[in-house]
Amino acid sequence: MNDSISESASQNLKKIIESARRMGVELDESEALQWLAAMGSMRKEDDVAIDVRQGVFGHRITLLDFSPERLDYFRRVGKLVEFSDVPGLVETALALSGSAAQSRIQSYPGDADFFERVNIKAPTREEACRVLAKIMREKALSTARGDTYQLIEVKFGSYPQNVEHNGRLHKAGSPIAWTPAEIEAGRLSDTFVQGEPVEIGWEQAAHDPGWCKLDWVIADPIDQTLVNASNMLDVTWEAPDGKITPLDGYLDPYFQEVYLDAESIPIFTKLAKQVDSNALDDYVAALEKEVRKYVTASPNYGKAAKRMYNIFRLTGKYEEAAYLRELFDEPATVLYQVWSLIRTIDDTFTAGSSLPLHTLLSETDRLIVTVVDVLEGEKETEIVRMLLKLRSILGNEVPGQELSPQAEAARDEVINLVNNFFYEKLTGVPQIKEYLDRLAAQAA
């Protein structure tokens with residue numbers, strides 16, 4: 001055993017390796033020990049690390065999971081999703097988050113998730129909100145569609161009261177999702193309060209920006225693949241006296257991001273100093289709340305596993321985290337990507353795609369091959385049948401025929417398999433099962 005690994009940690013790892021073997025998960029003991037040694041050698045004060053060679057930086061633990069293999073690709077996508085600095089007015093720092101930031105351990109990543117800090121210098125909060133509304137609208141309109149990308153929606157503002165929009169009820173305070181057409185018009189369409197028409201404009205939404213996020217579908221013309229790309233903004237207002245205020249009331253911590261440009265270190269450093277001293281505890285508590293939701297009210301054990309990995313690696317449960325690192329590399333986890341990409345195809349098709357049809361067909365063919373490679377028996381037959389029906393609708397482009405019902409049916413089948421896989425692998429490890437049982441009891 002490595003000298004930097006404590007005896008108790010070594011024993012705990014041995015138990016987890018035994019559980020992994022029993023569950024059919026190939027956990028490489030030497031690699032796990034190397035990772036544990038790297039985690040153990042880090043000092044708490046080494047909070048942020050810089051990879052000078054690659055020109056990236058982020059939380060010390062996060063960088064351990066980041067592979068530069070697809071860095072050029074992510075930087076190209078970043079050119080589409082990022083906001084530009086405006087000297088003296090807007091300064092930004094773009095980062096990868098989610099599975100894109102954990103590329104070393106996730107052979108089958110989901111979406112290309114970006115996170116961007118946007119600091120606006122303005123005399124008043126109202127002016128900062130006005131600037132934010134302007135740059136978000138300009139960004140949305142300028143990237144609404146192209147040969148290799150298409151904007152799906154933008155979250156900006158919060159509903160001021162219970163509102164019915166496009167036939168769905170949205171509670172007061174929930175985020176507003178804008179379509180490209182609504183952004184261009186500058187107002188929501190088909191909106192009612194207690195049956196009476198009401199207008200909510202883009203400028204009105206700016207008064208309470210809330211959760212700001214943009215979502216695109218991007219096609220790779222070389223590989224003929226699709227990916228959901230998103231950019232979640234953490235927007236702050238810097239007053240003339242230097243005081244920094246988050247426009248949504250909360251400054252996000254930096255425990256899960258890999259920043260793509262070393263030149264943004266000054267803005268990152270300035271904002272990082274404002275992060276609350278209890279940020280780690282708050283972050284873990286927020287993740288645990290999500291895990292509780294995904295193992296009780298809205299079962300999705302894949303999402304639960306991804307959040308548990310972040311919890312474990314940030315709270316010293318390194319042996320459990322080492323197991324999850326290997327779990328994400330299992331062939332069956334590619335079904336999580338299949339589940340995500342069915343939604344991507346559906347979003348693109350129903351939006352009247354500007355992307356080439358042959359790209360959608362190629363992506364569907366790839367999903368069919370993936371399912372055949374991973375599954376067998378009745379489940380393989382059923383999901384392939386559904387995917388072939390999706391492909392038929394795409395290929396024929398039947399007027400008035402919706403893809404969504406078929407897409408949702410296929411997604412339901414796939415997520416059921418994903419849930420069963422992760423549930424079995426998570427509850428098969430006593431330490432993790434005990435953790436899940438505790439969270440479930442708290443939810444009850």
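**View 1. An open sheet of 4 strands, ordered S7-S6-S9-S10, pairs in antiparallel fashion.** Strands S7 (168-170) and S10 (196-197) lie at the edges with a single partner strand each, so one side of each has no neighbour in the sheet. The model is predicted: local features need pLDDT of at least 70 and side-chain atom pairs pLDDT 80 or more, while totals for chains, interfaces and linings use all residues. Residues are numbered from 1 along each chain as its sequence is written, and side-chain values use heavy atoms, without hydrogens or water. Strands are DSSP runs of E (at least two residues) and helices are runs of H or I (at least four), numbered from the N terminus; two strands pair if DSSP finds at least two bridges between them.

**View 2. Strand S9 (residues 191-193) is joined to S10 by 2 bridges, and the two run antiparallel.** Val193 has Glu196 of S10 as its bridge partner.

**View 3. Tyr283 lies in helix H9 (residues 279-295).** Its relative accessibility is 14%, so Tyr283 counts as buried (under 20% relative accessible area, 1.4 Å probe, protein chains only). Beyond residues up to four places away in sequence, Tyr283 touches Pro253, Phe255, Gln256 and Leu314 (heavy atoms within 4.5 Å).

**View 4. In helix H2, the buried residues are Ala32, Leu33, Trp35, Leu36, Ala37 and Met39.** These buried residues pack against helices H1 (7-22), H3 (60-64), H10 (301-314) and H11 (318-327).

Key. Buried means under 20% relative accessible area, exposed over 50%, partly exposed in between (1.4 Å probe, protein chains only).
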